[in-house]
Amino acid sequence: MGVRYFGSKVHRLEDPRLLTGKGRYVDDIHPPHCLQAAFVRSMHAHALIRSIDTEAARVLPGIAAIYTMADFAGLAQGPLPQTLPAPILKQSHTYHPLAQGEVCHAGEAIAIVLAETRAQAEDAAALVVVDYEPLPAVADCRAAVGPDAVKVHQDSPDNVVAVMRGAFGDAAAVFATAPHVFRERIEMHRGGCHSMECRGVIANSDVLSGQMTLYTSSQSPYLVRRFLAAYLGREENELRVIAPDVGGGFGPKAAFYAEEAALMLAAMKAGRPVKWIEDRREHFVATTQQRDQYWDVEVAAAADGRLLAVRGTCLHDNGAYVPYGLVLPATTIGSFPGPYALQALDLTLNAVYTNMVPNTPVRGAGRPNACFVLERLADRVAHELKLPPEEVRRRSFVRSEQMPYVTGMKARDGSPVQYDSGDFHATLNLALDKIDAAGFPERQARARAEGRYLGLGIASCVEDTGLAPFEGATVRVLPTGRVQVETGAASQGQGHATVLAQICADMLGVPLEHVSVEQADTGKFPLGIGTIASRVAVTAGSSVHLASVQVRDKALRVAADMLEAAEADLEIVAGSVKVKGVPGPSIPLGAIATKLNGMPGIPTHKGMDPGLSATAYFDAKQLTFANGANVCEVEVDIETGAVRILRYVVAHDCGRLINPRLVDGQIIGGVVHGIGNALFERMVYDESGQPLTTNYGEYLLPIATEMPRIEIHHLESPATNNPLGIKGAGEGGTIPAAAAVIAAVENALAPFDARIAKHPLAPEEILALVERP
């Protein structure tokens, strides 16, 4: 078969097009006669809308229309559907496309202005007068609980979204007999996703054909189609949703947004295409965020430091609406017990409404939260029992010989959670060895003698990947001999086109550059789910493999007749079928495709469906689990509170590597994201719910000059529940990063007896730890 692409560090097929300016993002699409949209957004975190006066705005040049929710009465009404309903969801408040009667967070869309240019639309939006009746707001989830709490929604009996519990074993009995019990209060502050490309939508409703088309910078175009069609009362085949090139997603672009519905309603009402590109300030106040969690937890430990059980509660800020079900809080609870073989667990998570932007998954989706809790508890046990932190982990890990390991938790469908493979000890040991942890005490002592404060932090994690139910793929050989792969899986920069082409090229024996991949267009491929939860390599990759196997088998059967040879004696080399080891004739795959495409009056090949193509859907019945260990060495300046990361080492196991170069890119990006969570990113609101961080002068992101070289080392424990032995890698860098960084800072400040159980950690907070009496 010649060169094998699976496992090779091939360059991304997408990059020549993107690097030469030939990418096609939503803002690069310019339908004829398209109107530009701007939204009028609430200036209050909570208020009633008494009236909306658009008179002054309507007379400005270029204004085509200004719509409120009342103007859509003949097209659709009411709130948007709950995308992920669940029985424990006590109050399912979702957005209206445009607010009706009440606004529940600053930045909520109230009206949409359509104009010939965006500048005209923005000028008019500034002149729309909304008469508000301000209401009390809740800007801290700790103030949202209790009988006297201000109501986030006027018609709600309270602010409870859901109460979730994760438990196994007899926690009370374990705690009653444990030699050691320690308690921690842990805080994780909210932040955003901040993709390079903000959200964007183009909507068009063709009056003649009845076809509606929506371009959207989405991770889940098929779910957008499903929910938008349901809201409009249309069949899904009347609506085509396309996610073109998307400049980053990180979770929030997986949700179905009010703006997507509002754009389509506006296009239907105006009879012209409508385009909206979110600006960066809108991103701060309208794109979903993540976190604000407060944990009160206890850990039970054996005399030797082995973790036995964890119990406690979490208060989770859900924001003002539930646009994406309970995915974030459910994944938080579902990520326990991490890599640890606990005897028991008993956790309760209380999700509550606040008058702030909704919280939905951002890279890691609750897994970093669970990891932070577990790793802080492991470090607390090590501190109290005067044990090395790595030794507490080694004694507590699930052992490789226990695989497959049933954790005690339940998956979303109620089935037992089972780790399929992995060696958590080997992963941690590799990371410690590569950073020379054994030599760190000497480095630390030498630095302290010089008045410098070094710290070493470690964190381990498990990542569930390959989330059900499926992604599909069609593999088709064209008459030219080129191969086309079609899938519903959307890409936001991960390199899907490259890895899917690698899988296909190997199976069909064709050059990688002869494979093209088309994705995320509901008009070209029938079904899809979404690019979330590190699932596409497992689901779409396995589907491409299965479809490619079928195409290969079909080609060999046809060629066997044409060459008068046995199928077992044939091979595909450089895009042609030939007899193994025998010089002589060969048949190009393109010729086989042409034969199977049919000719008038000539019967197709006996027993063969037309076309050299196949469609497959890999049924992801069980999760597959990646794992990793991060070890971080930092220097803390006790005069300024600055933290400098000196070295950062990752050991990671995501099964068989399709493309190590792309896996490394995913891990590096994830680690940087986690470092931002640990030290920089802080979405601040005042007590009335007004955002105080709405630009990058106030909201800090890590930049290249602050990042270390991130060293990555791989282990490969093949997955046992998919044909390629692969696991996801999209979030593994982020999950343990904040825990590792905070542990390192704490270790550096050990002479000051500093204990840290929160993130992000600001310089002034470090100075307070150093200066406290």
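Analyst: Start with a cut-off: a residue is called buried when its relative accessible area is under 20%. The model here is predicted. In a regular strand the side chains alternate between the two faces of the sheet. Strand β10 (residues 212–216) is a case where both faces are covered. M212, L214 and T216 on one side are buried, and so are T213 and Y215 on the other. With 5 of its 5 residues buried, β10 is largely enclosed by the rest of the structure.

User: In which sense does β10 pair with β9, and in which with β11?

Analyst: Strands of a sheet pair through backbone hydrogen bonds, either parallel or antiparallel. β10 takes part in both kinds. Strand β9 (residues 200–205) runs antiparallel to β10 and is joined to it by 5 bridges, with N204 opposite T213. Strand β11 (residues 239–242) pairs with β10 in the parallel sense over 4 bridges. There the bridge partner of T213 is R240. The hairpin of β9 and β10 has 6 residues between the strands, and G210 in this hairpin takes a positive phi near 80°.

User: How many strands are in the open sheet that contains β22, and which strands stand at its edges?

Analyst: The open sheet has 3 strands, in the order β22-β23-β24, with antiparallel pairing. β22 (570–573) and β24 (586–588) are the edges; each has a single partner strand, so one side of each lacks a neighbour in the sheet. The twist averages 25° from one strand to the next. Helix α15 (residues 589–597) packs on this sheet and touches β22, β23 and β24, its direction making about 65° with that of β24. Within the sheet, β22 and strand β23 (residues 576–579) share 4 bridges, and L570 has V579 in β23 as its bridge partner.

User: Which residues of helix α3 are buried, and where do they lie around its axis?

Analyst: An α-helix has 3.6 residues a turn, so residues three or four places apart point the same way. The buried residues of α3 (residues 118–127) are A121, A124 and A125. Viewed down the axis of α3, they fall within an arc of 105°, so they line one face of the helix. Their packing partners are β1 (35–41), α2 (55–58), β3 (63–67) and β5 (109–115).

User: What does V224 touch?

Analyst: V224 is found in helix α5 (residues 221–232) and is buried, with a relative accessible area of 1%. Not counting residues up to four places away in sequence, V224 touches L214, S218, V241, F256 and E260. V224 and Y257 are 33 residues apart in sequence and 8.4 Å apart in space, C-alpha to C-alpha.

User: Which residues of the largest nonpolar core touch the most other members?

Analyst: In soluble globular proteins, nonpolar side chains tend to be buried together. The largest nonpolar core here has 110 residues, and W295, Y648, I675 and L749 touch the most other members. Leaving out residues up to four places away in sequence, I675 touches I645, Y648, F680, M707, P708, A737 and V741. Another core, of 51 residues, lies apart from the largest one and includes I503, L556, A559 and L612.

User: How many disulfides does a search of the whole structure find?

Analyst: The search finds 0 disulfides. For C34, the nearest cysteine sulfur is that of C198, 18 Å away. For C314, the nearest is that of C141, at 8.2 Å. C34 is buried at 12% relative accessible area, and C314 is buried at 2%.

How values were computed:
Residues numbered from 1 in each chain as written. Predicted model: local features only at pLDDT ≥ 70, side-chain atom pairs only at ≥ 80, totals over all residues. Heavy atoms only, no water. Pairing = 2+ DSSP bridges. Helix = DSSP H or I, 4+ residues; strand = E, 2+ residues; numbered from the N terminus. Axes fitted to C-alpha atoms, helices over the stretch in contact; angles between N-to-C directions. Contact = heavy atoms within 4.5 Å. Core = buried A, V, L, I, M, F, W, Y, C linked by side-chain atoms within 4.5 Å. Buried < 20%, exposed > 50% of the residue type's maximum accessible area, 1.4 Å probe, protein only. Arc of directions from axis to C-beta. Disulfide = S-S within 2.5 Å.
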